[in-house]
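Please look at the structure below and ask, for each label used to describe it, what the label rests on.

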Amino acid sequence: SGQVRGLCGTFNGDQRDEFTTPEGDVEPGVAAFANAFRAAGACPALGPGIPDPCDGFPGSRERAEAACAVLMGPAFQ
């Protein structure tokens, strides 16, 4: 505790500094934080919105909703 930082956060009990970049800046959003760790040219930068993972995989939303329905059902209430 208190000895880590990076994409997994700081693990110091203060959620306000979870998005600390390698330069020590605290980013307010996920995209800017993730882009701070991006290797130049390795992948495209994230835009301000978070992409929906189901958009790239047809049929995934239905499978995910069916799987989540089990967790939201009476067995786990």
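The questions and answers that follow set values against definitions.

This is a predicted model, in which local features need pLDDT of at least 70 and side-chain atom pairs count only at pLDDT 80 or more, while totals for chains, interfaces and linings use all residues. Residues are numbered from 1 along each chain as its sequence is written, and side-chain values use heavy atoms, with hydrogens and water left out.

Q: How many helices and strands does the protein chain have, and what counts as one?
A: The protein chain has 2 helices and 0 strands, where helices (H or I, at least four residues) and strands (E, at least two) are DSSP runs numbered from the N terminus.

Q: Why is Phe33 called buried?
A: Buried means under 20% relative accessible area, exposed over 50%, and partly exposed in between (1.4 Å probe, protein chains only). Phe33 has a relative accessible area of 6%, so Phe33 is buried. Of the 77 residues of the protein chain, 14% count as buried.

Q: What makes the pair of Phe19 and Phe33 stacked?
A: A pair of aromatic rings is described by the distance of the centres and the angle of the planes. Rings of Phe, Tyr and Trp (its six-membered ring) pair if their centres lie within 6.5 Å, and planes under 30 degrees apart count as stacked, over 60 as edge-to-face and the rest as tilted. The structure holds 2 aromatic pairs. In one of them, Phe19 and Phe33 are 4.9 Å apart centre to centre with 25 degrees between the planes, so the pair is stacked. This pair links distant parts of the chain, with Phe19 in the segment before α1 (30–36) and Phe33 in helix α1, 14 residues apart.

Q: What makes the pair of Phe33 and Phe37 edge-to-face?
A: The centres of Phe33 and Phe37 are 5.2 Å apart and their planes are at 70 degrees, so the pair is edge-to-face. Phe19, Phe33 and Phe37 form one aromatic cluster.

Q: Why do Phe19 and Phe37 count as partly exposed?
A: Phe19 has a relative accessible area of 28%, so it counts as partly exposed, and Phe37, at 30%, counts as partly exposed too.

Q: Why is Met72 called exposed, and where does it lie?
A: Met72 has 66% relative accessibility, so Met72 counts as exposed, and it lies in helix α2 (residues 60–72).
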